[in-house]
Amino acid sequence: MKNKTLVLGASTNPNKYSNIAIKRLVDKGLEVVGLGIRKGTILGVKIDVEKVDYKNIDTVTLYLNPKRQEEYYKYIMRIKS
């Protein structure tokens with residue numbers, strides 16, 4: 001079973017680091033899911049706006065300021081494989 005990377009703070013803005021990260025991960029052939037504040041798609045990766053119970057998450061990357069991260073702490077622990 002292939003593991004996934006969750007990009008938390010995903011953005012369709014090509015100048016944001018989360019966008020660049022998604023593009024690089026996809027280019028490497030890795031499976032990626034995104035969670036952000038606005039819906040969108042980056043190279044076929046759908047950005048969800050609701051906290052989805054993703055399965056087989058291997059890596060979580062955070063692109064949120066420290067204050068915004070706090071609301072996701074329990075969520076991140078809940079989705080661990």
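1. Helices (H or I, at least four residues) and strands (E, at least two) are DSSP runs, numbered from the N terminus. This is a predicted model, in which local features need pLDDT of at least 70 and side-chain atom pairs count only at pLDDT 80 or more, while totals for chains, interfaces and linings use all residues. Residues are numbered from 1 along each chain as its sequence is written, and side-chain values use heavy atoms, with hydrogens and water left out.

2. Contact here means heavy atoms within 4.5 Å. After helix 1 comes G29, with a positive phi near 85°.

3. Which residues of strand 1 are buried on each side? K4, L6 and L8 are buried on one side, T5 and V7 on the other. In a regular strand the side chains alternate between the two faces of the sheet. Five of the five residues of strand 1 are buried, so the strand is largely enclosed by the rest of the structure.

4. Strand 1 has two parallel partners to look at. It pairs with strand 2 in the parallel sense over five bridges. Strands count as paired if DSSP finds at least two bridges between them. Here K4 stands opposite E31. The chain crosses from strand 1 through helix 1 to strand 2, and this β-α-β crossover is right-handed. That term applies if, with the strands pointing away from the viewer, the path from the first strand over the helix to the second runs clockwise. Strand 1 also pairs with strand 5 (residues 57–62), in the parallel sense and over five bridges. On that side, the bridge partner of K4 is I57.

5. Strand 4 also pairs with two strands. Strand 2 and strand 4 run parallel and are joined by two bridges. G34 stands opposite I47 there. Strand 3 and strand 4 run antiparallel, with three bridges. In this pair, G40 stands opposite I47. The hairpin of strand 3 and strand 4 has two residues between the strands, and L43 takes a positive phi near 50°.

6. Look next at the nonpolar cores. A nonpolar core is a set of buried Ala, Val, Leu, Ile, Met, Phe, Trp, Tyr and Cys residues joined through side-chain atoms within 4.5 Å. The largest has 11 residues: L6, L8, V33, L35, Y54, I57, L64, Y72, Y75, I76 and I79. Strand 1, strand 2 and helix 3 (73–79) each give two or more residues to this core. Helix 3 gives the largest share, three residues. A second, separate core has eight residues, among them V7, I22, L25 and V45. In soluble globular proteins, nonpolar side chains tend to be buried together.

7. What does S11 touch, not counting residues up to four places away in sequence? The residues are K16, S18, N19, I42 and I47. S11 lies in the loop between strand 1 and helix 1. At a relative accessible area of 18%, S11 is buried.

8. How many salt bridges does the structure hold? There are three (a side-chain nitrogen of Lys or Arg within 4 Å of a carboxyl oxygen of Asp or Glu). R78 and D53 meet in one of them, at 3.2 Å, N to O. This pair links distant parts of the chain: R78 is in helix 3, D53 in the loop between strand 4 and strand 5, 25 residues apart. D53 counts as partly exposed, at 45% relative accessibility.

9. K46 and D48 meet at 3.2 Å, N to O. K46 counts as exposed, at 55% relative accessibility. D48 counts as buried, at 14%. K67 forms a salt bridge with E70, the closest N and O atoms being 4.0 Å apart. K67 is exposed, at 64%, and E70 is partly exposed, at 44%.

Notes:
Buried < 20%, exposed > 50% of the residue type's maximum accessible area, 1.4 Å probe, protein only.
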